[in-house]
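Please consider the structure shown below with attention to its aromatic rings and to a few individual side chains. The paragraphs that follow lead through them in turn.

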Amino acid sequence: MTKEQGKRLNEILELQEKVVSLWMDYWKDFSHFGTGPFWVIFFMLVVPLIIVYFKIDRTKPFQIAFYGFNIHTWFTYSDAIAMRTGYVYYPYQVIPIMPVNFALDASLVPVTFMLVYQWCINNNKNVLLYGVLTSAFFSFVFKPLMAAFNLIKLDNGMNYFYLFLNYLLILFLAMILTKVFIYLKHHPKTN
């Protein structure tokens with residue numbers, strides 16, 4: 001590493017440390033245990049996890065969980081990019097040092113998609129169609145409702161239609177990857 005590179009990296013790390021400290025201070029002042037929004041976000045994290053524990057089809061838990069994990073992973077990546085670039089931000093957090101809304105990315109969104117996926121495969125329904133409807137619900141109903149209660153802010157030209165496109169991309173990626181792994185499961189490579 002060159003001296004210039006090391007200097008620049010140290011500047012970034014110092015700023016990053018300051019940003020984490022600022023988020024912690026912000027959380028202590030505005031988003032702590034004593035605030036109503038904290039508990040709304042907390043329940044968005046905990047309740048879906050409890051529901052999925054009781055409602056997951058235990059004959060296909062790995063397939064459904066793999067699909068949900070895909071949703072979680074891609075949604076977390078896209079949310080982190082949107083937050084880091086200033087397109088989306090969340091004024092309230094359960095975990096202040098997370099660069100995303102952990103409750104949405106790790107629980108509410110993936111669990112909802114998991115349960116829709118489970119219902120579709122168990123009732124021979126079109127996963128794509130119901131995934132698009134779920135995406136539309138999150139983009140055009142749930143996120144505007146969150147915005148009305150100041151739980152999400154869109155900035156720099158971000159809008160609900162772009163969020164919808166993002167949900168669709170994530171849906172397609174999760175569906176494709178799940179189908180690939182189901183195919184691999186049913187077509188093992190023989191040596």
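Predicted model: local features only at pLDDT ≥ 70, side-chain atom pairs only at ≥ 80, totals over all residues.

Trp27, Phe33, Phe38, Trp39, Phe42 and Phe43 are joined by ring pairs into a cluster. Counted by the rule for ring pairs, the aromatic pairs come to 24. One of the pairs is formed by Phe38 and Phe42, whose ring centres are 6.2 Å apart; their planes meet at 15°, which is under 30 degrees, so the pair is classed as stacked. Phe38 and Phe42 both belong to helix α2, and because they are 4 residues apart there, about one helical turn separates them. Their accessibilities place them in separate classes: Phe38, at 3% relative accessibility, is buried because the value is under 20%, whereas Phe42, at 26%, counts as partly exposed.

A second stacked pair is made by Phe113 and Phe138, with ring centres 6.0 Å apart and planes at 15°. Here the partners come from two helices: Phe113 lies in α4 (residues 102–122) and Phe138 in α5 (residues 127–148), so the pair ties together parts that are 25 residues apart in sequence. Both Phe113 and Phe138 are buried.

An aromatic ring may also be faced by a charged side chain. Arg58 lies over the face of Tyr53, at 5.0 Å from the ring centre.

Asp57 is located in the loop that runs between α2 (36–55) and α3 (61–84). Is Asp57 buried or exposed? Its relative accessibility is 14%, and because this is under 20%, Asp57 counts as buried. Where sequence neighbours up to four places away are left out, the residues that Asp57 touches are Ile64, Gln118 and Asn122. With Asn122 there is also a polar contact, made between the two side chains at 3.0 Å.

Technical notes: Residues numbered from 1 in each chain as written. Heavy atoms only, no water. Buried < 20%, exposed > 50% of the residue type's maximum accessible area, 1.4 Å probe, protein only. Polar contact = N/O pair within 3.5 Å; in protein donor to acceptor, adjacent residues only side chain to side chain. Contact = heavy atoms within 4.5 Å. Phe/Tyr/Trp six-rings, centres within 6.5 Å; stacked < 30°, edge-to-face > 60°. Lys NZ or Arg CZ within 6 Å of the ring centre and 35° of its normal.
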